Amino acid sequence: MAVENNTRKLDKGIVRDFSSRMSYASYLQLPTLLSAQQPVSSPEHHDEMLFIIQHQTTELWLKLVLHELQSAAEHLRADNLGSALKEIARVKHIQKTLTEQWSVLATLTPTEYSQFRGFLGNSSGFQSSQYRAVEFVLGNKNRKMLPVFESDPEAHEQLRLLLEAPSIYDEFLAYLHRQGFDIPESVLNRDVTRAHEFSPELVPVFKYIYENAVDNWGAYEACEELVDLEDNFQLWRFRHLRTVQRTIGMKTGTGGSTGAAFLQKALELTFFPELFAVRTEIGQ
């Protein structure tokens, strides 16, 4: 492709007429997507656009995380471990992107945010149904969250269904059982609407897998993928906490939570506790 006067000539075959063809913009519905950034501050504050786009892109990535994790759970249910791990690997890359983008929001100074924060009313990331859905899929179930979404029937129904469905960890443990591992009946038949709690009977199972990795490579790899998944999620939570602290300090959240203190407590939650507990036992 020739370049003259610092201007690139277009190839003759490049399509120019989209009056009857699908274009890039129409395929991605860009007019709808790019018109969804509607600042509410008055007069409009320059930095509110950053705040909106940061949270909208997070929601788009969370939509893909849910898409991949729910599919991975289905693959585990069908004993298709390889496909499940492929999708979990994709989620790990999304998590990296989600964590790194906190650095963009962190450029918002306390003074800048304070100039439009009051216009947000009670809207808060606490009310993200997709974030709660991801937590439910990973096993942090909490029925008390459902009333927050009663005004949004679609989101409420999605969370109700996920509350009542096995988490991806439940599906993994059921998969191990079908592969001949000694998973306790109390774990297999647990109430899946409740958050998974530490089960000491699972630790010897994982100890055996880790200490006999060559003979149990699929299960071994899956364990490590799940550990990566939780590590990444905790890093995201931590970066969220630190961004909130540097932006609003210890102020109460717009949604009524205690803000940074509330986020700090989330770091104590775990999805796959036995996969971390087993590390103390390996080699002993």
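Visitor: How do you know how far apart the mean positions of the positive and negative charges of the chain are?
Guide: Lys and Arg count as positive, Asp and Glu as negative, with His and the chain ends not counted. Each charge is placed at NZ of Lys, CZ of Arg, CG of Asp or CD of Glu. For the 28 positive and 37 negative charges, the mean positions lie 6 Å apart. This is a predicted model, where local features need pLDDT of at least 70, side-chain atom pairs count only at pLDDT 80 or more, and totals for chains, interfaces and linings use all residues. Residues are numbered from 1 along each chain as its sequence is written, and side-chain values use heavy atoms, with hydrogens and water left out.

Visitor: How do you know that the span of helix H8 agrees with its number of residues?
Guide: Helices are DSSP runs (H or I, at least four residues), numbered from the N terminus. The expected span is 1.5 Å times one less than the number of residues. For the 12 residues of H8 (153–164) that gives 16 Å, and the end C-alpha atoms are 16 Å apart, so the two agree.

Visitor: Which residues of H8 are called buried?
Guide: Buried means under 20% relative accessible area, exposed over 50%, partly exposed in between (1.4 Å probe, protein chains only). Ala155, Leu159, Leu162 and Leu163 are the buried ones in H8.

Visitor: Why are the buried residues said to line one face of H8?
Guide: Because, seen down the axis of H8, they fall within an arc of 105 degrees, taken from the directions from the axis to the C-beta atoms. On the other side of H8, Pro153 and Glu154 are exposed.

Conventions
Helix = DSSP H or I, 4+ residues; strand = E, 2+ residues; numbered from the N terminus.
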